[in-house]
Amino acid sequence: MLDYGPTEYERFQANAQKTGDYKGKVDGDPGPQTRAALHARLVKLTAKPERAPQVKAAPVTTVEPVAVPVKELEKPAWQSPEVLIPAAAPVATGVGTFLSGAAPIVAITLIVVVAAFATFLIIRRDRMKSAQAAKVETINAHGSL
């Protein structure tokens with residue numbers, strides 16, 4: 001890095017401050033201001049002087065934290081359709097075969113139990129989404145939990 005070692009960010013920042021290429025504080029953090037100062041120094045080293053006016057340093061974007069909205073909650077792999085559908089298909093086939101030969105009361109009981117379990121899972125999923133959305137709001141409002 002311009003004759004600086006890979007861990008000499010503080011020394012580079014201090015020297016870049018003296019030349020006016022770095023306006024941040026000397027903290028040893030290779031953040032966006034340090035990268036912009038490095039780029040400005042590289043631009044000054046342009047090999048062909050006639051091209052120097054055409055080459056410009058990269059601007060520093062921002063150093064302030066930005067809240068990032070969460071579009072969709074991340075799900076574990078086992079909850080993705082790519083896993084659920086292939087896993088559920090053989091189970092559904094087996095249950096269908098079982099129900100075709102079972103007494104009506106057994107079939108009705110099994111259907112009620114499965115429906116109750118599915119309802120439980122849907123309610124649980126909605127509560128988890130609400131809790132996650134509340135966490136995201138807290139993070140966006142305060143910057144941390």
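Helices (H or I, at least four residues) and strands (E, at least two) are taken here as DSSP runs, numbered from the N terminus. The structure is a predicted model, in which local features need pLDDT of at least 70 and side-chain atom pairs count only at pLDDT 80 or more, while totals for chains, interfaces and linings use all residues. Residues are numbered from 1 along each chain as its sequence is written, and side-chain values use heavy atoms, with hydrogens and water left out.

Confidence comes first. The mean pLDDT of the chain (the predictor's confidence in each residue, from 0 to 100) is 78, and 73% of the residues score at least 70. Helix α1 (residues 9-19) has the highest confidence, with a mean of 89, and helix α3 (residues 81-101) the lowest, with a mean of 76.

Three salt bridges are found across the whole structure, a salt bridge being a side-chain nitrogen of Lys or Arg within 4 Å of a carboxyl oxygen of Asp or Glu. One of them joins R41 to D21, with 3.0 Å between the closest N and O atoms. Since R41 belongs to helix α2 (residues 32-44) and D21 to the loop between α1 and α2, this pair ties together parts that are 20 residues apart in sequence. Both partners, R41 and D21, are buried; on the scale used, buried means under 20% relative accessible area, exposed over 50%, and partly exposed in between (1.4 Å probe, protein chains only).

Another salt bridge links the side chains of E8 and R11 at 2.9 Å, N to O. Here E8 is partly exposed at 28% relative accessibility, and R11 is partly exposed at 40%. R125 and D126 form a salt bridge as well, their closest N and O atoms being 3.3 Å apart. Relative accessible area is 42% for R125, which is partly exposed, and 36% for D126, also partly exposed.

Apart from neighbours within four places in sequence, N15 is in contact (heavy atoms within 4.5 Å) with Y4 and R41. N15 is partly exposed, at 22% relative accessible area. Its C-alpha atom lies 9.7 Å from that of V26, eleven residues apart along the chain.

Together with I105 and V106, F98 forms a nonpolar surface patch with about 300 Å² of accessible area. Such areas come from the Shrake-Rupley method with a 1.4 Å probe, and for residues only the protein chains shown count as cover. Patches are made of residues with over 30% relative accessible area and no salt bridge, like charges being joined within 9 Å and nonpolar side chains (Val, Leu, Ile, Met, Phe, Trp, Tyr) within 5 Å.
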